[in-house]
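Let's take a walk through this one together. Have the sequence and the 3D view open side by side as you read.

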Amino acid sequence: MTTIRVRLTLIYSGLFLLTSVVLLVTVNLLLRRTLDARIGRLSGGGAAPPRGVPNDRLPQLPELVNNVIGYQWQVTALTVGALTLVSLAVGWLLAGRILRPIHRITATAQRLSLSTLHERIALAGPKDELKGLADTFDAMLDRLERSVEGQRRFIANASHELRTPLAVQRAAIEIGLPEDVGEIRGTLLRHNRRAENLIDALLVLAQAEHGLDNRSPVAVDQVVRRVLAERDADGVSVTGQAEPFVVDGDPVLLNRLVTNLLDNAVRYNHPGGTVEVTLSRGALTVRNTGPHVPQERFGDLFKPFRRLHTTPGQGAGLGLSIVAAIAKAHGADVRANPNPGGGLELVVVFARSEDASPAGGTAE
């Protein structure tokens, strides 16, 4: 693929060489015409020969002119070759200097994320088209930063405003309704708990999609073992093995990532099925038995509110979408593969991480 710098270099060199070649060819042709005309006048026009040139040497002048013109064409060819190299080098340097602000704008755009929206290009120099582009980009970043800050404040306020009435409602149900009212009390508590879980999931999803404000070293192997120890298997055999591994990220979100993967593997499983959790060389793999997942439905796995199975009480369909959002916030990739006998293999590959020094272990 030809870059703009290469195209500009070729344009500069082409124009320069075209001008140089036209100039040199014109000079050579005019010189040849002038010399031929002068020799013609000397030999046939009766004019006196040049001073110091005998009459018997006049027939040799055309040969001398041919030699001079031939030498001139050789010098012209060498000059054009040298100018070609010089023009390419100068054109490459000039194109790089002209495109330097573009590279700066591109580097800033690639480096920016929701956690680094405070950075600006701040391009100095004359008010030309490139500075206008950089200033427009900075103004867009200002508006985007204000929008993101507003959304973060909204998420924080919504977290408080939504959780508080649900907590009051749950307390009123537990205290105000006696246990002998039948299934009404249990049904209300179950719907209350489901609403709380949905709100928590939506807030976590929004937080993950907005990126990470603060990062700290997190031992992912310890997170895996802690989640395995706290999770109720619900009649499913769960085994896990975690090698020492550290990644820069948010410990709460990483805990949620592992929890959602394990919950999904246990929830969508057969009675007496198995779940295998493995952390090795920066790849977290959760493999489970369960129902067959059609290949055409794999695109819906990581989309919000998409459930492959409509069994009652199976959640709102946010588990794997939260996993995808948290993984993206940590620079990790998520992929899903079908198991031959049914079930899924979900793999999270962390890109920026390093092996931990503390001893790891196996959790079952």
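Predicted model: local features only at pLDDT ≥ 70, side-chain atom pairs only at ≥ 80, totals over all residues.

Residues are numbered from 1 along each chain as its sequence is written, and side-chain values use heavy atoms, with hydrogens and water left out.

Start with the overall picture. The chain has 7 helices and 9 strands (DSSP runs numbered from the N terminus: H or I of at least four residues for helices, E of at least two for strands). Of its 364 residues, 33% are buried (under 20% relative accessible area; exposed is over 50% and partly exposed in between, with a 1.4 Å probe and protein chains only). Among contacts with a separation of 6 or more, 69% join residues 24 or more positions apart (contact means heavy atoms within 4.5 Å).

Now find helix 2, residues 61-111, and pick out Ser 87. Ser 87 counts as buried because its relative accessibility is 6%. Its side chain reaches the backbone oxygen of Thr 84 at 2.8 Å, and, leaving aside residues up to four places away in sequence, Ser 87 touches Ser 13, Phe 16 and Leu 17. Leu 94 is in helix 2 as well, but at 44% relative accessibility Leu 94 is partly exposed.

Next, strand 2 (residues 237-242). Strand 2 pairs in the parallel sense with strand 4 (residues 274-280) over 6 bridges (two strands pair if DSSP finds at least two bridges between them), and Val 238 stands opposite Val 275.

Last stop, the charges. Side chains of opposite charge can pair when their charged atoms come close. The chain has 4 salt bridges (a side-chain nitrogen of Lys or Arg within 4 Å of a carboxyl oxygen of Asp or Glu). In helix 5 (residues 220-230), Arg 225 and Asp 221 sit 4 residues apart, about one turn, and their side chains meet at 3.0 Å, N to O. Arg 287 and Glu 345 also form a salt bridge, at 2.4 Å. This pair links distant parts of the chain, strand 5 (residues 283-288) and strand 7 (residues 344-350), 58 residues apart. Salt bridges with shared partners join Glu 276, Arg 287 and Glu 345 into one network.

Key
Polar contact = N/O pair within 3.5 Å; in protein donor to acceptor, adjacent residues only side chain to side chain.
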